[in-house]
Amino acid sequence: MESEHLTFADFLSYVSRNQELLWEYFIQHITMVVIGLGLAFIVGVPLGILCSKSKWAAKVILFITNILQVVPSLAMLVVLMLWMGLGTTTVMVGLFLYSLNPIARNTYVGLKQVDPSYLESGKGIGMSPFQMLVKVRFPLALTYIMSGLRIAAVIAIGVVTIAPLVGGGGLGREIYAGLNSNNSLRIFAGAIPAAVLAIVADIVLGMLQRKMDLAKRKSAGATPSPAKMQNIN
């Protein structure tokens, strides 16, 4: 099929005829991203907290996660495929490993940047280390944590497009089917929704990140201060 003969009406017609299949691929795509990111968030945030507590742990954890991050996504999925076999599980484990670095690193950076005056005030009123983490450090680090999640989400959406190479599903199936059959409509039908999904995820998570920035909130009591913390029981 020659791409120069295609029109936008052709694209819409193709999407309309195959909307059920494309919707199935779209749901598969989102499901893999959400599960992979969810696992990375559950593991990455505690790793970031551990990094903030120990310089030795920070060096080891960030070194390992950084190596995982720089490994080409296809190479990682192929290695996992040799161990776990073909399928969606391999893709989600790959996403989990690939997303650990931005989440763990940003959690670590967010916790380390907290103004020492807040920590001193917390100690002054008798807060335990756990209370300081939950009530002071973690809320102030949320914008950094969301930034890491935002970066990981955009990367993950792109990585999932190569999932069909290791037996996974998602919009990548349509892209590779189009490449194999030299059908530009199928390529566009897979690539455009994936690109839109990445843009929407970045915008939505960016909005959440700005809402969680305590330093920019105008409402009373939104930003903790040493003076206000003296009144915390």
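These legends describe close-up views of a predicted model.

View 1. From the N terminus on, the order of elements reads α-α-α-α-α-α-α-α-α-α. The protein chain has 233 residues, and buried residues make up 42% of them. Take the contacts between residues at least 6 apart in sequence: 74% of these join residues at least 24 apart.

**View 2. Helix α5 covers residues 88–112.** The helix has 25 residues, and at 1.5 Å a residue it should span 36 Å. Its end C-alpha atoms lie 36 Å apart, which agrees with that expectation. The helix also bends, by about 35° at leucine 100. A proline, proline 102, follows within four residues of the bend. How enclosed is α5 by the rest of the structure? Of its 25 residues, 18 are buried, so α5 is largely enclosed.

**View 3. Helices α2 and α5 cross in a right-handed manner.** Helix α2 takes in residues 19–53. The contact of α2 with α5 has 21 nonpolar residues, 7 polar residues and 1 charged residue.

**View 4. Glycine 48 is a residue of helix α2.** Is glycine 48 buried or exposed? Its relative accessibility is 0%, so glycine 48 counts as buried, the cut-off being under 20%. Beyond residues up to four places away in sequence, glycine 48 touches Ala104, Thr107, Tyr108 and Leu111. Valine 109 is 61 residues from glycine 48 in sequence. In space, the C-alpha atoms of glycine 48 and valine 109 are 8.1 Å apart.

**View 5. Glycine 87 sits in the loop between α4 and α5.** Helix α4 is made up of residues 73–84. At 16% relative accessibility, glycine 87 counts as buried, because the cut-off is under 20%. Which residues does glycine 87 contact, leaving aside its neighbours within four places in sequence? They are Val166, Gly167 and Gly168. Along the chain, glycine 87 and valine 166 are 79 residues apart. Their C-alpha atoms are separated by 6.4 Å.

**View 6. Asparagine 182 lies in the loop between α8 and α9.** Helix α8 runs over residues 172–181. What is phi of asparagine 182? The angle is near 55°, a positive value in a residue other than glycine.

**View 7. Glycine 190 belongs to helix α9.** Helix α9 spans residues 184–211. Glycine 190 has 0% relative accessibility, so it counts as buried. Setting aside residues up to four places away in sequence, glycine 190 touches Leu171, Glu174 and Ile175. Where does valine 15 stand relative to glycine 190? The two residues are 175 residues apart along the chain, and their C-alpha atoms are separated by 9.9 Å.

Key. Residues numbered from 1 in each chain as written. Predicted model: local features only at pLDDT ≥ 70, side-chain atom pairs only at ≥ 80, totals over all residues. Heavy atoms only, no water. Helix = DSSP H or I, 4+ residues; strand = E, 2+ residues; numbered from the N terminus. Expected span 1.5 Å × (residues − 1). Bend = angle between axes of the 7 residues up to and from the residue. Buried < 20%, exposed > 50% of the residue type's maximum accessible area, 1.4 Å probe, protein only. Axes fitted to C-alpha atoms, helices over the stretch in contact; angles between N-to-C directions. Left-handed = near helix turned anticlockwise from the far one by under 90°. Nonpolar A, V, L, I, M, F, W, Y, C, P; charged D, E, K, R; others polar. Contact = heavy atoms within 4.5 Å.
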